[in-house]
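Colleague: I am new to this structure. Please take me through how to read its features.

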Amino acid sequence: MKGIIQFLAGTLIVIFLSWFLLQEKAEEKIVIGATSGPFTDMVEKAIRPELEDMGYTVEVVEYSDWIQPNTALANGDLDANLFQNITFMNNYNDKNDENLIDLIQVPTAPMGLYSGKYESLEEIENGSEVALPPDPTNMSRAFMVLDDAGLIKLKEDVDIFDITEDDIIENNKNLKFVFQDAGQLPRSVDQIGLSLVPGNFALASDMKLEDALVLEKMSKYFRNRIVVNDDLASDKVREDLINAVQSEGFNEVIDEEFKGFDKPEDE
């Protein structure tokens, strides 16, 4: 009987130790989701090395849409994701009754005004057509780029999330606006001559951000962020993700391989 008790006790100890080691190993792994293109590249090249130096095993899951990364994060399949700005995240939380939170802004590919016809803003002819995206958020960003470039002037009290042509009070070059789906905008650089292209679509079309006539001065509301599930993320994971993005190694990679990306000035 004594032997049986010792055997059972030993078995329980082995089971407990195995469970403990598995839990410890699981805590050392971090799964990050990102959309295809620059943000998957940013995780792979700039964030993964920093987390690995901290002792993590990093798995990167690549997505081709803007729905699955938040669904996976809400379900606990991801520890963090990188693809969205704070406005998009808040809208997702409101619609789905979730508790995702942002940790830190990251350098983001800005929208730019590109041209296959003009080499400078000064060359733009009176009455030129300009292609821009039709959805409210990106349309607003496009009009702000034109305003910053001095091509139009917007009302002072404009809602930065809902700018329309009605908010333009000066259009000295009589620009004509052509609204197109974002995927069409890179082709419009040559077809129309002027096109406001979101950064991710420009990079996906092998365009260089620095070739834009002018690049967006991004609002903090439009920069992408590292996002976690507030109900699931440990304090250590949060802290280490923030430290990774604030590290010298991260910034060196951004400066070398993500030229033209808009950097947050502060948090």
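Modeller: Start with naming: helices (H or I, at least four residues) and strands (E, at least two) are DSSP runs, numbered from the N terminus. N93, for example, sits in helix α4, residues 86–96. This is a predicted model, where local features need pLDDT of at least 70 and side-chain atom pairs count only at pLDDT 80 or more, while totals for chains, interfaces and linings use all residues. Residues are numbered from 1 along each chain as its sequence is written, and side-chain values use heavy atoms, with hydrogens and water left out.

Colleague: How many helices and strands does the chain have?

Modeller: The chain has nine helices and twelve strands.

Colleague: Is N93 buried or exposed?

Modeller: Buried means under 20% relative accessible area, exposed over 50%, and partly exposed in between (1.4 Å probe, protein chains only). N93 has a relative accessible area of 11%, so N93 is buried. Across the chain, 45% of the 267 residues count as buried.

Colleague: Which residues does N93 touch, leaving out those up to four places away in sequence?

Modeller: Contact means heavy atoms within 4.5 Å. By that rule, N93 touches E98, N99 and L100.

Colleague: Where is N174, and what is its phi?

Modeller: N174 lies in the loop between β8 (168–170) and β9 (176–179). Its phi is near 50°, a positive value in a residue other than glycine. N174 has a relative accessible area of 42%, so N174 is partly exposed.

Colleague: How do I read a pair of helices?

Modeller: Two packed helices are described by the angle between their axes and the distance between the axes. Axes are lines fitted to C-alpha atoms, for helices over the stretch in contact, and angles run from 0 to 180 degrees between N-to-C directions. Take α2 (residues 38–53) and α9 (residues 248–257): their axes come within 9 Å and cross at roughly 160°. Angles under 35 degrees count as roughly parallel, over 145 as roughly antiparallel, 65 to 115 as roughly perpendicular and the rest as oblique. Therefore α2 and α9 are roughly antiparallel to each other.

Colleague: Which residues make the contact between α2 and α9?

Modeller: From α2 come M42, K45, A46, I47 and E50. From α9 come G249, F250, V253, I254 and E257.
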